Amino acid sequence: MATRAVITLPVAIKAGEPFEVRATVAHAMETGYRSGDDGARLARDLVRRFECRLDGELVFAADLFAAISANPYLSFWLRANKPAELSFSWRGDNGFSHDETRRLNVA
Amino acid sequence: MKRREFVLAAAALAALPEARATDDALRAAIRAWAGRDPEAGALKIEIAELVENGNAVPVRIAASEPVSGLALFTPLNPEPEVVHASFGAAVARPEFSTRMRLARSQRIVAVARAADGRCWQAGMDVIVTLAACVEP
């Protein structure tokens with residue numbers, strides 16, 4: 001099943017000015033504390049790590065735990081001085097892995 | 001005298017273990033991330049004081065000075081950790097937002113870590129009317 005991610009960036013970014021990055025990935029973030037319809041415990045399945053890189057340099061990273069809601073959402077503020085590539089990666093249990101890249105239009 | 005001792009001991013046994021376990025777990029989790037016990041300080045925690053649905057509670061943590069990391073902890077969820085965020089040089093503001101689960105009403109704790117090794121924490125009380133599905 002293809003994973004869906006939504007990344008929101010400003011259309012135009014001014015060099016050196018802060019801009020907000022919002023990133024969500026579709027994932028159930030199953031805590032391992034819930035039971036299914038048959039009463040059996042649902043196995044833990046979490047996104048464990050989020051990383052955001054600006055032209056390959058790590059700028060924001062987050063370790064996620066069971067207390068993060070389904071479809072983990074993160075927003076943060078970055079600054080860029082020139083057009084760059086922003087890459088996002090999510091890694092989790094059961095080999096979960098998703099990557100996205102976005103071109104930053106810095107003027 | 002013996003009866004009084006017994007009553008006191010029983011009360012202590014009944015009252016203490018749970019509260020202490022969660023406090024210890026919370027402190028251990030904070031120490032594991034920050035490297036030591038943070039002092040009290042100023043951190044902005046934006047979260048609804050009265051939460052109707054604990055499954056997805058928007059929360060924003062902001063520091064008033066540059067930090068290398070921010071983290072969020074809960075004393076009464078099944079696990080104390082919520083999220084550990086770390087910031088690189090291109091981060092413009094020492095803040096981030098996410099959505100968290102809350103198992104019950106509690107005082108959530110935000111911790112900041114600065115590049116020079118200082119760390120400090122702040123708490124915020126939240127009341128939850130419908131808890132997240134995290135109970136066994």
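In what sense do strand β5 (residues 69–73) of chain B and β8(B) pair, and over how many bridges? I looked this up first, and the pairing is antiparallel over 5 bridges, where two strands count as paired if DSSP finds at least two bridges between them.

Conventions, noted before going on. I am working with a predicted model, in which local features need pLDDT of at least 70 and side-chain atom pairs count only at pLDDT 80 or more, while totals for chains, interfaces and linings use all residues. Residues are numbered from 1 along each chain as its sequence is written, and chains are lettered from A and ligands numbered from 1 in the order in which they are written.

Entry on β8(B). I followed the strand through residues 106–113 and found 6 of its 8 residues buried, buried meaning 20 or more other C-beta atoms within 10 Å of a residue's own, exposed 12 or fewer, and partly exposed in between, with C-beta atoms placed from the backbone. Within β8(B), Ala110(B) is the bridge partner of Leu72(B). I then turned to strand β9 (residues 119–128) of chain B, which runs antiparallel to β8(B) and is joined to it by 8 bridges; here Val111(B) stands opposite Gln121(B). The hairpin of β8(B) and β9(B) has 5 residues between the strands, and in it I noted a positive phi near 100° at Gly117(B).

Entry on chain B as a whole. I listed 1 helix and 9 strands, taken as DSSP runs numbered from the N terminus, with helices being H or I of at least four residues and strands E of at least two. Of its 136 residues, 35% count as buried. Among contacts in chain B with a separation of 6 or more, 68% come from residues 24 or more positions apart, a contact being two C-beta atoms, placed from the backbone, within 7 Å.

Entry on the contact between the chains. I find 26 residues from chain A and 29 residues from chain B in it, and on the side of chain A β4(A) gives the most, with 8 residues. β4(A) also pairs with strand β6 (residues 81–87) of chain B, antiparallel over 5 bridges, and I see Ala62(A) opposite Ala85(B) there.

Entry on Ala28(A). I placed this residue in the loop between β2 (19–25) and β3 (47–54) of chain A. Ala28(A) is exposed because 11 other C-beta atoms lie within 10 Å. Not counting residues up to four places away in sequence, Ala28(A) touches Asp45(A) and Ala70(A).
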